[in-house]
Amino acid sequence: MKKLLTYLILGFVGLFLLLPFLWMLSTSVKPAGDVFTSSDNPLQALRPREVRWQNYAKVYDVTRHMGGGFARWYLNSLLVAAVVTLGQVTTSACAAYAFSRLRFPGRDKIFLGYLGTMMVPGAVTMIPNFMLMRQLGAVDSYFALMVPPMFSAYGTFLLRQFFMNIPRDLEEAATIDGCGLFRIFTTIILPLSKPALATLTIFTFMGNWQSFYWPLIVLTQDSMKTLPLGLLSFLGLYNTQWTLLMAGSLMMILPMILVFILGQKWFISGIQLGALKG
Amino acid sequence: MALTRKGRIALAGGLFLLPNFLGFLIFTSLPVLASLVLSFFAWDLFTPPKFVGLHNFSALMKDGAFWYYGYNTVFLMLAIPANMLGSLFLATVMNRKLRGIVIFRTIYFLPTIVAGVGTYILWRWLYNPDYGLINTVLRAVGIAGPEWLQSVTWAKPALMFMGFWTVVGGYNMILYLAALQGVPPELYEAADIDGANGWQKFWAITWPMVSPTTFFIFTMSLIGGLQGGFEQAFVMTRGGPAGATTTVSYYIYNHAFVWNHMGYAAAIAWVLFAAVFVMTLLNWRFGGRVVHY
């Protein structure tokens, strides 16, 4: 009886959270005019009169004149997210190794500086960074999209926390065997940190796939846009084409759902790791 | 040149740190200082910057729009307790060994995962007064729904409700779930022997035991809330109607990247930073004390 009640609550909440997505899917396959029928029956509104999957292809067609359109934005997003993730995970891992294992003058002061900037609002650094890009003539470039987001105090902090918990015995044994610091890093630390690296990879990739504020500032051309910005200019041009807008939005979030379902294990553990407040 | 072992380690440390440190220096720490300096200047990007001392800050204090947008920001943050209660409630329901619980967890997490421009466009459509699903549902039960995003009264609640949908099953629920799993079952068993009911057990055991998590989530949400509100308002309402959904961070964006008031924008950003800093200090100062597990 109690079990049934629990399932009932869980199911109800699940339905509440899924309903917007059902509405999204349903709208995305409706014939364009059908969305403009006012109804007082939600079930009727949710069920498409006929299913038009071609709406999805149409998103590509009608945006093509916008600097290549949806396909181009998709590629841009993929490229930016992949490069930023690779850069961030690599540089963070190296820095985290230095912070957790290698003693050098000023190390702990620098780390404190890293910690200190983690609470700085993005808006504070965004303005000078924009001016820097402008000075460099890098507005509307992949450089501007990819390089500034590549360095993260948060990633360094997360990995350092993890590295600190790796027992040192293995490294000591390796040192006695004549293993250099770089070898220790690549053959001991990194393999043992796969869970943390996976977590950071997933978080960074998803964050950058959706990144909005920075690209909004440094981009003007349609052909350079990432998906969120592309979708936004699509919205600006066709703000009543709800079937296509929903199809486009759905295509944008689909990869994230896949990444999340595949990497869920890392995700959940990562949240708990991140909450171990220093 | 022979280096001691210590020297070699120090050199390697420097080299390992260097790439990240350079990026950190160029794109984070120097910009923080640069924007502080900038906040003492008036600069429109086209004419040379002019030193104005504290003028930006004193103008800000007298800027009615700033206070209104500050009010909007705080108003939107009123949703935080409701969001947290929702997450805690969900976590208590889920803290049971049940078949299929992972599927529910996955579903609950979806809105958080995909939150962004895509879901903002989706909610704009859901809130459509004539054809959106929300007013359709309301009509079904005989209520004429408001104009939501076009209404000065309802635009903020609409964004808050969307926020609830986004976060209720996300990070905070996972944190609460972990906290609940850390509560020793003996406490509940002892309470059962004393004949406590579910409600009493919740207030006497669960609530105090998860209080460190509550505190952590609360301060993090405050920090996030102070800086928040730009993206969804930009996509869904453009800050309107009549500025009703413009937050402080949106105001910074407008000054910096629409009106080219770089110095003024930097000043607002620094005021925001100060507020966030105070929150963080409170978190550090009091966060440790309530931890008791």
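1. Contacts of Gly228(B). Leaving aside residues up to four places away in sequence, Gly228(B) touches Thr247(B) and Ser249(B); two residues are in contact if their C-beta atoms, placed from the backbone, lie within 7 Å. Between these two in the sequence is Val248(B), whose C-alpha is 8.1 Å from that of Gly228(B), at a separation of 20 residues. The model is predicted: local features need pLDDT of at least 70 and side-chain atom pairs pLDDT 80 or more, while totals for chains, interfaces and linings use all residues. Residues are numbered from 1 along each chain as its sequence is written, and chains are lettered from A and ligands numbered from 1 in the order in which they are written.

2. Setting of Gly228(B). Gly228(B) sits in the loop between α12 (211-227) and α13 (230-236) of chain B. Helices (H or I, at least four residues) and strands (E, at least two) are DSSP runs, numbered from the N terminus. Is Gly228(B) buried or exposed? Gly228(B) counts as buried because 20 other C-beta atoms lie within 10 Å; the cut-offs are 20 or more for buried, 12 or fewer for exposed, and partly exposed in between, with C-beta atoms placed from the backbone.

3. Helix α12(B). This helix has 17 residues and reaches 24 Å from its first C-alpha to its last, close to the 24 Å expected at 1.5 Å a residue; the expected span is 1.5 Å times one less than the number of residues. Buried residues in α12(B) are Thr213(B), Thr214(B), Phe216(B), Ile217(B), Ser221(B), Leu222(B), Ile223(B), Leu226(B) and Gln227(B). After the helix comes Gly229(B), with a positive phi near 95°.

4. Nonpolar core. The largest nonpolar core has 149 residues, and those touching the most other members are Tyr97(A), Ile127(A), Ile252(B), Ala265(B), Ile268(B) and Ala269(B). Helix α4 (residues 69-101) of chain A supplies the largest share of this core, 13 residues. A nonpolar core here is a set of buried Ala, Val, Leu, Ile, Met, Phe, Trp, Tyr and Cys residues joined through C-beta atoms within 7 Å. Not counting residues up to four places away in sequence, Ile268(B) touches Leu60(B), Phe66(B), Val248(B), Tyr251(B), Ile252(B) and His255(B).

5. Interface. On chain B, 73 residues are in contact with 74 residues of chain A. Which element of chain B gives the most to the side that touches chain A? Helix α1 (residues 5-38) does, with 20 residues. The side of chain B that touches chain A divides into 53 nonpolar, 16 polar and 4 charged residues. For this count Ala, Val, Leu, Ile, Met, Phe, Trp, Tyr, Cys and Pro are nonpolar, Asp, Glu, Lys and Arg charged, and the others, Gly among them, polar.

6. Chain B overall. Chain B has 15 helices and 2 strands. An automatic or database domain assignment divides chain B into domain 1 (1-38) and domain 2 (61-287), with C-alpha centres 37 Å apart. Buried residues make up 42% of chain B.

7. Chain A overall. Chain A has 15 helices and 0 strands. Its C-alpha trace spans about 75 × 65 × 30 Å along the principal axes, and 40% of its 278 residues are buried.
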